[in-house]
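Hi,

Here is the structure we talked about, ready for you to open. Have a look at it first, and then read my notes below.

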Amino acid sequence: MGNTQEQTNQQLVQGFRKNNTNVLEGIYVRVFPKIKIYVLKNNGNETQAKDIFQDAFIACWKNIKANKLAEDSNVEAYLYRIAQNKWTDYLRSAEYKKKKSGPDLLKSVTADDTSGLDESEEETKRKAMQQALAQLGENCKVLLNLFYFERKSMDAIARTLNLASASARNQKYRCMEKLRKLTLEIKNNG
């Protein structure tokens, strides 16, 4: 089939249908790095990127085998889109929210590294943040809850709060700064 860079989408679809090793490896070489970057930029790690790629690759392969993809379709874009959707589904899952919601917000609020802290210092920071959260205005509480705990996108938050996207981002930034400042004050004042 020649150089995989020069292959047409029709050749790629045919290669998938025939389980052509050169085609399948070529797709991996070209698409996996893009998926890895996407997952890493969206709170994932390399192992998760590999898992997502494998799941997406299998789904793409099955769909092509079942003639659910036209021969003139862009296979690489299709595979990338499947991987994006699978990663988004994972980020919205209860499993991910349970793992990330508390620690993620704490990391965002505390600018310094907490890895060297003992448990009592960590607990002091956590309590200070909880007190600061209680002192925030209702709008900030709602916005931060939607973003960190419900994992909503800024566009979805903007629609929910009836704001422009830029305004929602600015408000989130101001709320986080206020939360950081309050947390620091509470922590420093005991």
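Predicted model: local features only at pLDDT ≥ 70, side-chain atom pairs only at ≥ 80, totals over all residues.

Which residues of α3 are buried? They are Ala-49, Ile-52, Phe-53, Ala-56, Phe-57, Cys-60, Asn-63 and Ile-64. Looking down the axis of α3, you'll see these buried residues fall within an arc of 135°, so they line one face of the helix. The cover over them includes α1 (9-17), α2 (21-41) and α4 (75-92). Over on the face turned away from the buried side, α3 carries the exposed residues Thr-47 and Lys-62.

Both ends of α3 are worth a click. At its start, a side-chain oxygen of Asn-45 comes to within 3.1 Å of the backbone nitrogen of Thr-47. After the helix comes Asn-67, which has a positive phi, near 60°.

Now the charged pairs. Side chains of opposite charge can pair when their charged atoms come close. Searching the whole structure turns up four salt bridges.

One of them joins Arg-30 and Glu-76, with 2.5 Å between the closest N and O atoms. Arg-30 sits in helix α2 and Glu-76 in helix α4, so this pair ties together parts that are 46 residues apart in sequence. Is Arg-30 buried or exposed? Arg-30 is buried, as its relative accessible area is 11%.

An α-helix has 3.6 residues a turn, so residues three or four places apart point the same way. Lys-50 is partly exposed at 44% relative accessible area, and Glu-46 is partly exposed too, at 36%. There's also a network of salt bridges here, linking Lys-36, Glu-46 and Lys-50.

Then go to helix α9 (residues 165-188), where Arg-180 and Glu-177 are three residues apart, or about one helical turn. Their side chains meet in a salt bridge, 2.9 Å from N to O. Arg-180 is partly exposed, with a relative accessible area of 26%, and Glu-177 is partly exposed as well, with 34%.

Cheers

Terms used. Residues numbered from 1 in each chain as written. Heavy atoms only, no water. Buried < 20%, exposed > 50% of the residue type's maximum accessible area, 1.4 Å probe, protein only. Helix = DSSP H or I, 4+ residues; strand = E, 2+ residues; numbered from the N terminus. Arc of directions from axis to C-beta. Contact = heavy atoms within 4.5 Å. Polar contact = N/O pair within 3.5 Å; in protein donor to acceptor, adjacent residues only side chain to side chain.
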